[in-house]
Amino acid sequence: MADTTLEKTPPAGRVRRPRGTARRSTHTLRLRVSATLVALTVLAVLLVPPLVQLDQQSVDLGAKLLPPSWAHPFGTDDVGRDLLLRCVYGLRVSLLVGLVAALTATVIGTAVGATAGALGGWADRVVMRVVDAVASVPHLLLGIFIVAMFRPGVWPVVVSVALTHWLSTARIVRAEVLSLRSRPYIDAAVSGGASRWRIALRHLLPGVLPQAGLAAVLMVPHAMWHESALSFLGLGLPAHTASLGTLIQGARGSLLAGQWWPTLFPGLFLIVPTLAIAGLAGVWRERINPRRRSELTL
């Protein structure tokens with residue numbers, strides 16, 4: 001009896017790639033694009049101010065709201081200041097706030113989460129109930145309350161963002177510590193008479209550093225958006241300080257009048273770098289933990 005089963009073959013000239021190969025190709029493309037955008041962001045922040053011999057605070061009312069041109073690639077704002085230079089300085093402020101606040105929040109969250117997970121028992125329960133209580137307050141409202149207690153400046157915004165963004169890091173580090181405590185080498189260290197501090201410093205802390213580092217990288221774009229939101233609301237930074245949030249806030253009237261460039265370019269300077277940093281963090285997350293997704297999201 002003839003075999004009636006027909007073997008499916010792809011059409012001529014069409015090669016079907018395995019799913020794993022396509023996934024690796026997408027992974028590599030995302031890594032390259034994100035790394036390129038982050039490198040361009042760093043180069044813009046470092047090189048544009050020295051190369052462009054213009055004062056970002058220079059006012060020229062005769063050149064206000066000029067559209068993009070060779071002389072002003074991003075146009076000018078409502079008082080004639082070069083928008084490209086203002087965006088670069090605003091990005092510099094946002095990156096400073098994001099990096100310092102993310103590192104500070106990661107240190108706080110790592111210390112709290114590692115302490116709670118290492119001690120266990122009632123200490124763990126008390127610490128995590130405090131974390132839950134703080135997390136129940138919207139972090140933007142809490143950030144506004146913290147900023148309102150200081151004079152306008154960059155560092156009050158850094159303190160505000162750092163004190164409202166350590167909670168997710170504390171939870172993840174605690175979960176990682178609890179997972180590490182069940183490992184056989186921890187039981188061997190306890191049986192050998194090692195103290196709690198020695199176990200925490202020699203075994204638990206190195207085990208949570210990859211997750212803590214990932215938390216720091218993922219927190220940078222979140223902190224940048226938080227700073228921009230506070231600046232857009234007129235809080236934290238003085239009005240004359242170039243920040244992406246203050247630039248967008250000051251361009252609202254121009255947008256209603258039909259001038260789109262004072263709003264578009266600061267928005268792109270905020271969106272593109274944060275997505276690039278988040279893309280690099282996503283690649284890192286898949287490498288250190290390929291089987292399960294991290295709890296940290298933007």
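**View 1. Phe-74 and the residues around it.** Leaving aside residues up to four places away in sequence, Phe-74 touches Pro-68, Leu-83, Leu-84, Cys-87, Trp-261, Phe-265 and Phe-269. As you explore, keep in mind that this is a predicted model.

**View 2. The largest nonpolar core.** Here we step back to the core of 29 residues, in which Phe-74, Cys-87, Leu-91 and Phe-269 have the most contacts. At least two residues each come from helix H1 (19-51), H2, helix H3 (121-135), helix H6 (167-181), H8, helix H9 (244-250) and helix H11 (261-288). Which helix gives the most to this core? H2 does, with 10 residues.

**View 3. Helix H2 meets helix H5.** The axes of H2 (residues 83-119) and H5 (residues 154-164) come within 8 Å and cross at roughly 40°, so the two helices are oblique to each other. Their crossing is right-handed. On the H2 side, look for Val-93, Leu-96, Val-97, Val-100, Ala-101, Thr-104, Ala-105 and Ile-108; H5 answers with Val-154, Trp-155, Val-157, Val-158, Val-161, Ala-162 and Leu-163.

**View 4. The buried residues of H5.** In H5, Pro-156, Val-157, Val-158, Ser-160, Val-161, Ala-162 and Thr-164 are buried. What do they pack against? Their partners are H2, helix H4 (139-148) and helix H8 (196-232).

Definitions and conventions:
Residues numbered from 1 in each chain as written. Predicted model: local features only at pLDDT ≥ 70, side-chain atom pairs only at ≥ 80, totals over all residues. Heavy atoms only, no water. Axes fitted to C-alpha atoms, helices over the stretch in contact; angles between N-to-C directions. Helix = DSSP H or I, 4+ residues; strand = E, 2+ residues; numbered from the N terminus. Parallel < 35°, antiparallel > 145°, perpendicular 65-115°, else oblique. Left-handed = near helix turned anticlockwise from the far one by under 90°. Contact = heavy atoms within 4.5 Å. Buried < 20%, exposed > 50% of the residue type's maximum accessible area, 1.4 Å probe, protein only. Core = buried A, V, L, I, M, F, W, Y, C linked by side-chain atoms within 4.5 Å.
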